[in-house]
Amino acid sequence: MHVPSLIAHKRDGGILAEKDIRWLIRGFVAGDVTEAQMSALAMAIFFRGMTVTETAILTSAMLESGERFCFAGEHPPVVDKHSTGGIGDKVSLILAPLVACCDCWIPMVSGRGLGITGGTLDKLESIPGFRVGLRIEEAQEQLKQMGVVMMGQTEQFCPADKKLYALRDVTGTVPSIPLITASIMSKKLAESLDRLVLDVKFGSGAFMKTRSQAEELAAAMKAVGEKMGVHVMAHINPMEEPLGHAVGNALEVVESLATMRGEGPPDLVALVLAQTETITGVSQEKLAGMLQSGMVFEMFSKLVTAQGGDASSLSDLAKIQAAPVVRDVFSAASGVVLRVDAGQVGQAALELGAGRGKASDRIDPRVGFDALIKVGQPVATGDRIARVHAADELSAERAAVALLSSLSVG
Ligand code: URA
């Protein structure tokens, strides 16, 4: 096989044969197809797309790059949820322990930050000691013991997605329907699920900018999932303003912990309840009661301990991960908040250090925004609209300016 010819074939709008797609993915995982070549191929796919058949083959090649969860004998329903990515989207952190409280198993495999969107793994790693790189045997044992595991792709589990995901993050090749479909569905199919709910986002803070693009992505993922015997349900949700009041890794965990104790912001709670109801069949009223009771927080604390984290740090996380500079941002206008542009807030958080510019970058778990004002709230000149958490004064100043320009008041 001649890799440059395959890249050129896709660049020129050709259809890749099954054997070529499988060979490219195997070669990429083995290191025979270089990162430069795979980046070029991803860009060609971004511009030229893939047919339904090519996308299904890519998904299956990525799925087969590693092992799968295997559940023998009688066991509870195995379910999961995955979001296509948003700003302040911390639903997974709350939903996973909530699902485990509903007598379902949830083997949640997530990703790191992607483009301007945050990643569940980066958020979890802001908890001291938390390990996301579990062996599959260890993950299965934990699932049996407590019904929930939260981990990432590894050399053993979806290695093709682990490598391609990191590459797409830094090469401008994320917002592609076939690449997102293969990335998400290869992970979810490797979990051997019974039911999956997809939270497909559209808007300025999402990879799909319009509802119709989100519907197209949802249909592509459903088609691949159903073909492989998983019942896939899709919720299409706007991502025009950040979810909740916090954006940034540790800041989002802090907001999630409050939500697990029944003190979450209404927009975040609504998504958690709707998606959990869809996969567990438990009513939203009952689920809301579980959040209020504290049992979800307890389940999450157990999960943290099981994965090497320090559960006693949870109550102090805001202090442990305090940024060196924390400053208020004040409104320059009076009226009602018409828009808090999620895309601009996500970009500002990334530039504060919450995301990566190249694969080797280390994220800063401490930085981001909290106390963010919401659309529809009245505001007067000089009122606080958010707090910036930054590594230094200069980046705090830049972030404050960016945040102000993301806001429309009328
Ligand atoms: N989530 C993923 O796991 N992959 C994508 O490509 C986008 C969101």
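Q: Which element makes the largest contribution to the lining of the largest cavity?
A: That's α9, with five residues. Keep in mind that the model is predicted. A lining residue needs an atom within 4 Å of a cavity point, so those five residues of α9 pass that cut-off.

Q: What else lines the largest cavity, and which residues lie nearest its centre?
A: The lining has 28 residues, and His82, Ser83, Thr84, Gly85 and Tyr165 lie nearest the centre. Elements giving two or more residues to this lining are β1, β2 (106–110), α6 (120–124), α8 and α9. By class, the lining splits into seven nonpolar, 14 polar and seven charged residues.

Q: Why is this space called a cavity?
A: A cavity is a set of points where a 1.4 Å probe fits but cannot get out, and this space goes by that name because its points meet that test. The space in the largest cavity comes to about 310 Å³, and the structure holds three cavities of 30 Å³ or more.

Q: Where does the ligand sit?
A: In the largest cavity. Sitting there takes more than half of the ligand's atoms within 2 Å of the cavity's grid points, so the ligand passes that cut-off.

Q: Which residues surround the ligand, and what makes them count?
A: The shell is His82, Ser83, Thr84, Leu114, Tyr165, Arg168, Ile180, Ser183, Ile184 and Lys187. Each counts because one of its heavy atoms lies within 4 Å of the ligand.

Q: Which elements supply at least two residues of the shell around the ligand?
A: β1 (79–83), α8 (159–169) and α9 (177–190) do. α9 gives the most, with four residues. Sorted by class, the shell has four nonpolar, four polar and two charged residues.

Q: What lines the second largest cavity?
A: It has 22 lining residues, with Ile116, Thr117, Gly118, Ala354 and Gly355 closest to the centre. α11 (249–260) and α16 (342–354) are the elements giving two or more residues, and α16 gives the most, with four. The lining divides into seven nonpolar, 11 polar and four charged residues. About 160 Å³ of space lies in this cavity.

Q: Why is another space called a pocket and not a cavity?
A: A pocket is an open set of points, whereas a probe in a cavity cannot get out, so the two names part on that test. The largest pocket has about 360 Å³ of space. Among its 19 lining residues, Arg112, Gln153, Lys162, Tyr165 and Ala166 lie nearest the centre.

Q: Which element gives the most to the lining of the largest pocket?
A: α8, with five residues. By class, this lining has six nonpolar, six polar and seven charged residues.

Terms used:
Residues numbered from 1 in each chain as written. Predicted model: local features only at pLDDT ≥ 70, side-chain atom pairs only at ≥ 80, totals over all residues. Heavy atoms only, no water. 1 Å grid on protein atoms, 1.4 Å probe; cavity = no way out; pocket = protein on both sides within 12 Å on 5 of 7 lines; lining within 4 Å. Nonpolar A, V, L, I, M, F, W, Y, C, P; charged D, E, K, R; others polar. Points joined across faces, edges and corners; volume = space filled by probe spheres on them.
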